[in-house]
Amino acid sequence: MNNVFVYCEIEKTIVEEVSLELLTKGRKLADQLGVELEAICAGTDIKGKVESQVLPYGVDKLHIFDAEGLFPYTSKPHTSILVNLFKQEKPQICLMGATVIGRDLGPRVSSCLKSGLTADCTALKIGEYDDTKSGKHYDQLLYQIRPAFGGNIVATIVNPDHRPQMATVRSGVMKAETKDPNYKGEVIIQDVAKFVPETDFVVKVLDRHVEKAKNNLKGASIIVSGGYGVGSREDFNLLYEFAQEIHAEVGGSRAAADAGFCDCDLQIGQTGVTVRPKVYIACGISGAIQHVAGMKESGIVISINTDPDAPINQLADYVIVGSVQEVLPKLIKYYKKNSK
Amino acid sequence: MSYKIVVLAKQVPDTRNVGKDAMTPEGTVNRAALPAIFNPEDLNALEQALRLKEQNPGSTVSILTMGPPRATEVIREGLYRGVDNGYLLTDRAFAGADTLATSYALSMAIRKIGGCDIIMGGRQAIDGDTAQVGPQVAEKLGINQVTYTEEILSLKDGKITVKRHIDGGVETVEAPLPVLLTVNSTADPCRPRNAKLLMKYKRAMAPMEMPQDGTLPYAEQYKKKPYLTVTQWSVADVDGDLQQCGLAGSPTKVKAVQNIVFKAKESKTFTASDGDVEALIQELLANHTIG
C-alpha cells in the first residue's frame, strides 16, 4: 500500500534504459517517503530474465506478468494490468517512460483510474502543498516539474487528492545507478488471466521493425548541435564536417527538426533526447527552455549566434557572435591548422 | 461500406513563433500576443480522415472542438477543406480543464454525436505537448486506440490497418472498429482550402459568435442555409456532469509557474573574425576541451 511503482518497458527480454533510470529515481522518492519501491514487468517469456536486470536498483517487490500476447505491447492488456494491480495495491506514485509506449499507456490508465498524469517531466521532487481554495494542507506530494507553453514557462504540477500521482519522464533525464547488485527483493509471478480479460487481445501487431539508434547522442562526449539559425539542410552539412574533425556527434533543436534541416531523431530537448556531453557546441540555437532542458547538464557550452543576447549565451562558456555559415568553416579551418 | 468519422481539433496559441512580448512583466503568458492556429498535427489527422471519406463513398467527417467561441475558426478551416459539419463544445464550466476533464467533455460530445466508427486527432497539441487527450478519450469510450499513426494502409471488414511510429522503428497494427487514432506530424500534410468550399462556408458561425442585438449581417442567409450555423453545445447539451468538467474535474493542479531565467555564466565573447576564431580554437585545444 502507498508505495512507489515503476512500469518497466521491455523490448523482448531486455528492460529499457529509461525504466532503469526511473527505478533509480523511484528508489530515491521511496526512501524520502519511507515506503517501498515496486516494479512491474509485463511481457512474453520474461520470467527468469528480467529479475537480475531490475532488482539491483533497489526494488522491494517485482510484479512479473508473463504471457503470450503481452509482447509486442498493445494498449488494452497493459492498461488492464496496471489498472487492476493499482486498484489492489493502491500506489501513491507511478512513474513510466515518456516513450511511445508510456505515452500510449499512461493516459489510458490515468483516465480509467481518474488520477492525474503529468507528461514529460524534467524533475520530480517531494514537497508540501497548500490548497488556497479549500485551505487544505498536504505534506508529501510529488512535484511534477515540466516546461510548458512552448517552453516559455516551467510549471510545477501536483495531484493533491487522486492516487496514484502519475508522471512520465523522457529517456536520459534521470540517471540510472544500481543500488546494490545483491539487493533482495520479492518476486511475485502474477496470474495474467486474473488481470487481463481475453477480450483485451484485439489489436494485432502484424509487422514490426526496430533498429538500434542511428546516432549515439546520449553517450557522446562532444555534440555539435544546430538550430533554426543554421538556415538550411545544406548548411547542416557544415555541422557534420566539423563534427567529423573533432569526433563529435551531431544533434539539432526542435526548430531545426521541424524546419527539416535535420532528422527528427537528432532532436535534443524536452521532447527529444536529453544529453550530457563534455562539450556542447550550439550553432544558431536561440535556447528555448525545452531545448535547454535537454542539454543543461553539458560541461562546456560554446554558442555560435548572430544575436549576442540569445538566451543560450547566458549558459555558454564561450560565445562567438556571428553566423553559422561564416563561423563554422573558420572553426574547421583553424582546427585543422592548429591540431596537426 | 461507409463510415462515420470524427476529427478532434484544437485551436492553440502558436507557441512555435513566440515573440519577445509573449510573456507579461509578471511572468504569465500573454495569450493576446500569440496568434491562434489550428493545432498542426490535428491537420495531419484531418487529411487522413478526408482521404478515408473519399475512398469510402457515403462516409461523413465531422470536426469537434472544445474552446471559446472564437475556436469556431478551426471548424471553418475544416469546412473549407471538406468536412461535412462541425461541433463547438463551449461553456464556461469547461474552463481550466486538464487533460482528464478535457477528454471527459470530448467523450460526452462523441457519445452525443453517436455511432462513430473512427475518431482521429493529432498526436499532441503544441501548447501542452502531453499527447494524453487521445488515449483518454478512447478509454472513456471503451474503444481501441492506435497512437503515433504515420499512414492508414487499409480499412475493410470492420478493421483498420495502420502503420505507426514506435521508438526506434515502425510497426503495422490491425485494430477492429470503433477505434481512435492519433496522427503524427510526419504523416502526409493537409490539403489546402478549397476555393468553392471557402465561398460556401465563409460566413459559417457558431451562435455565440453572432451579435445578439439583431445586427447580424446577412441574417436572411442563415435562415435559408442551415449549414451556416455551426452546432454549439454546452455542458448540459452533452449531458455532462459538472463535477467532471473544467477545474472541478481536473485532478492535476498547477502549484507554481515560473519564468525561468538562466543564470549567466562567466562567458568569453569572440567575434567571427579569423583572428578571434583561431584564438578560440587554440584556447580550446590548449585546455583539452576539444582535440
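The model is predicted. About 6800 Å² is buried between chain A and chain B. The contact draws 83 residues from chain A and 82 residues from chain B.

**The interface as a whole**

- Carbon and sulfur atoms give 57% of the area buried between the two chains.
- Three residues stand out on the chain A side: Val100(A), Phe149(A) and Tyr318(A). They supply 12% of the area that chain A buries against chain B, more than any other three residues.

**Salt bridges**

- The rule finds six salt bridges across the interface of chain A and chain B.
- The side chains of Arg208(A) and Glu171(B) form a salt bridge, at 3.3 Å from N to O.

**A helix pair across the interface**

- The crossing of α9(A) past α7(B) is right-handed.
- On the α9(A) side, the residues in contact are Lys330(A), Leu331(A), Lys333(A), Tyr334(A), Tyr335(A), Lys337(A), Asn338(A) and Ser339(A).
- On the α7(B) side, they meet Asp274(B), Val277(B), Glu278(B), Ile281(B), Gln282(B) and Leu285(B).
- By type, the residues of this helix contact divide into six nonpolar, five charged and three polar.

Terms used. Residues are numbered from 1 along each chain as its sequence is written. Chains are lettered from A and ligands numbered from 1 in the order in which they are written. This is a predicted model: local features need pLDDT of at least 70, side-chain atom pairs count only at pLDDT 80 or more; totals for chains, interfaces and linings use all residues. Side-chain values use heavy atoms; hydrogens and water are left out. A crossing is left-handed if the near helix is turned anticlockwise from the far one by less than a right angle, and right-handed if clockwise. Helices (H or I, at least four residues) and strands (E, at least two) are DSSP runs, numbered from the N terminus. Contact means heavy atoms within 4.5 Å. Ala, Val, Leu, Ile, Met, Phe, Trp, Tyr, Cys and Pro count as nonpolar, Asp, Glu, Lys and Arg as charged, and the others, Gly among them, as polar. Buried area is the accessible area (1.4 Å probe) that two parts lose on being put together, summed over both. A salt bridge is a side-chain nitrogen of Lys or Arg within 4 Å of a carboxyl oxygen of Asp or Glu.
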